[in-house]
Amino acid sequence: MKSASLVDIRGLRVEFGPTAHPFPAVDGVDLAIDAGEIVGLVGESGSGKSVTALALMGLVDFPGRVRADRLDFAGRDIRAMNAREQRALAGRGIAMIFQDPLASLDPCYTVGYQLEETIRLHGNAEERSSGAMRRARAVSLLREVEIPDPVARLRAFPHQLSGGMAQRVMIASAIAGRPQLLIADEPTTALDVTVQAQVLALLARLRAEHAMALLLITHDLAVVSETADRVVVMYAGQVMETGAVPDIFEAPLHPYTQALLDALPEHNLDRARLATIPGVVPGAYDRPAGCLLAPRCRYAVGRCHAQRPALEPVGSGRARCHFPLDARGRPTRGWEAERAAAITS
Amino acid sequence: MSASTLASQPPADAPLLAAHDLTRHYRVSRGYFRGHSTVRALDGVSFTLEQGRTLAVVGESGCGKSTLARQVTMVETPTAGKLRLAGIDVVDASADVRRQLRPQVQMVFQNPYASLNPRRTVGALLEEPLVIHRRGTQGERRAAAYAMLAKVGLRAEHYRRYPHMFSGGQRQRIAVARALMLGPRLVVADEPISALDVSIQAQVLNLLLDLQAELRIAYLFIAHNLQVVRHIADSVMVMYAGRAVEQGPKDAIFTDARHPYTRALLASTPSLRGRRRAEHPGPAAEPPSPLAHASGCAFRARCPRAVDRCAVEAPAMTAIGRVRVACHRAGEDG
């Protein structure tokens, strides 16, 4: 069993809105992260990536409702923790960085003040008791995230930092509590490609040095393919496919993953037009009864519209599809026969 | 000044857009007692763009891409240099001539959630450019708006709806439709798809390509995603600290780049076929402050190949192979 995983989530469901007409932002998500593993969580806006991460940190507040068959971090049920334990979890067990670092930093306080505040809350016993120790730790944290002249930078205000520097400060603050898991929610989307490359290299180095797991939430498939060990693809609140890198990009099991890859300019180098996915992601209350992708799927047949598939093991990965794709990218499990029957009838 | 004087000026073979040594400096206050200093946001950029073609401008934030867009769209007047639209001088033109030129250059912005007025219907948004330029009767404007909706893949019933009722991709279609209402010959697109979801980006890119094929519009396409640039552009200009460091046809830039900065950008671009991240972290450090005026080459502090000469002498644009490049060491290798 996977009980040894650092994160073990089964059947996670997060609802918002009135109980009579709940809107499930996350609808039955399974997610496991091993210690020291980099997992890429990929999906379009509204697919439930960020809400999944917030539920994992215990940060979904009323009126949001979290339900799960299992919601464990390091072998402990997050829902069974009291308030004090939950506060310790968010910061020491799990830390999180966000897309816009300048929105995450308080513009009224210096980098040093904010960093030392985090260390006072989440540092070890020595650091919590001694100001000099906190200052020394702040300097070493800034050095660790490769900020030049760290002593001078402690006196800087957030507006004096570039976007890349601000994101490094956020990473320094996140690792101050020596977390076992760092959740990075679109950490490089607001950055230039050159700085993005530096920040991703930094995250990869930190996880190697600290044996820290990393949950990388992004919509950029290329970033995931270069950084992650394993990928989870979400669509409209559900996991569509999980698999190891690079298998999932070379031979995707789910038509959604295949369509996302086909839409990238990189896969269309000599073609004038890009392959597109018709239609839009289903909204809050218009999710189809069958497979969520069925209205947009190029392979959808009768069963796809009638019956929602389960997330099942296929080869080395898992896919939520009645007719998972083979290595040549063609649907299997009797899809040809089912479609032929649909055409003749 | 009338339309007839405009028509008499341009030479027949002039490119649609020609910039020569285009420069824009801003004076900024450094504090009450410290006086002013100059930001060289755009510092001598030259290029041409032909009718129906796409020039992509790439570079990091602060390199002058958006300043260039503000000069080309005639929102600002350049500090120095020449800018010609279909052979007509834009910089020294009278207000009257500029007013006549502006409909020919329209803009599509990055974020369609911010660029569309939430209190106006799609119909009103599309007709507004026509109202401002006093084109047609009310009925003609409405007919033009309906025709444009169909052209960008929206339906007639969308005419009465408000922007919040649309998805991001549909909103960007509306923004494109609005830019095309005046029949421009040049559209400046500033990161038009980077705010959109992956599955929607392809739809909007296809729309831009279809419209270009149908209407022979030229695009000045500002982007940071080199994979997208590779798909849509005919030629590419790479900018750094207000200057063009390398420019040339797309194929040459992507297969035969000479400038170390272009190579660094290409190496930093994530790819599905990419190696593991830690093996190629790209260039060190970050772009310089726009207030710093270093002597010599602006890129030398981050450049792996910098030599003493780079600190003293600013490299000039020279043609090497199929590209034009500003680097002292560009000619040294194959």
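Reply: Two residues are in contact when their C-beta atoms, placed from the backbone, lie within 7 Å. The model is predicted, and therefore local features need pLDDT of at least 70 and side-chain atom pairs count only at pLDDT 80 or more, while totals for chains, interfaces and linings use all residues. Residues are numbered from 1 along each chain as its sequence is written, and chains are lettered from A and ligands numbered from 1 in the order in which they are written.

Buried means 20 or more other C-beta atoms within 10 Å of the residue's own, exposed 12 or fewer, and partly exposed in between. The largest core has 187 residues, and B:Phe221 is one of those that touch the most other members, together with A:Leu181, A:Leu215, A:Leu216, B:Ala56 and B:Leu220. Helix H9 of chain A, residues 193-210, supplies the largest share of this core, 9 residues. At least three residues come from each of domain 1 (7-234) and domain 2 (255-344) of chain A, with bounds taken from an automatic or database assignment. A second, separate core has 5 residues, including A:Leu253, A:Cys321, A:Phe323 and A:Leu325.

The two domains of chain A can be compared directly. Their C-alpha centres lie 32 Å apart. Where they meet, 6 residues of domain 1 are in contact with 9 residues of domain 2.

The chains themselves also meet: the contact takes 32 residues from chain B and 37 residues from chain A. On the side of chain B that touches chain A, helices H8 (198-215), H9 (226-232) and H11 (260-268) of chain B each give two or more residues. Of these, H8(B) gives the most, with 7 residues.

Elsewhere in chain B there is a sheet. Helices (H or I, at least four residues) and strands (E, at least two) are DSSP runs numbered from the N terminus, and strands pair if DSSP finds at least two bridges between them. In chain B, 4 strands form an open sheet in the order E2-E1-E4-E5, with antiparallel pairing. Strand E2 (36-49) and strand E5 (88-89) of chain B stand at the edges with a single partner strand each, so one side of each has no neighbour in the sheet. Strand E1 (residues 17-29) and strand E4 (residues 80-85) of chain B run antiparallel and are joined by 5 bridges. B:Leu17 has B:Leu85 in E4(B) as its bridge partner. Helix H2 of chain B, residues 65-72, packs on the sheet and touches E1, E2 and E4 of chain B.

H2(B) is largely enclosed by the rest of the structure, because 6 of its 8 residues are buried. The buried residues are B:Lys65, B:Thr67, B:Leu68, B:Ala69, B:Gln71 and B:Val72. After H2(B) comes B:Met74, whose phi is positive, near 65 degrees.

A:Ser140 is found in helix H6 of chain A, residues 131-144. A:Ser140 counts as exposed because it has 11 C-beta neighbours inside 10 Å. From C-alpha to C-alpha, A:Ser140 and A:Val151 are 9.3 Å apart in space, and they are 11 residues apart in sequence.

How values were computed: Axes fitted to C-alpha atoms, helices over the stretch in contact; angles between N-to-C directions. Core = buried A, V, L, I, M, F, W, Y, C linked by C-beta atoms within 7 Å.
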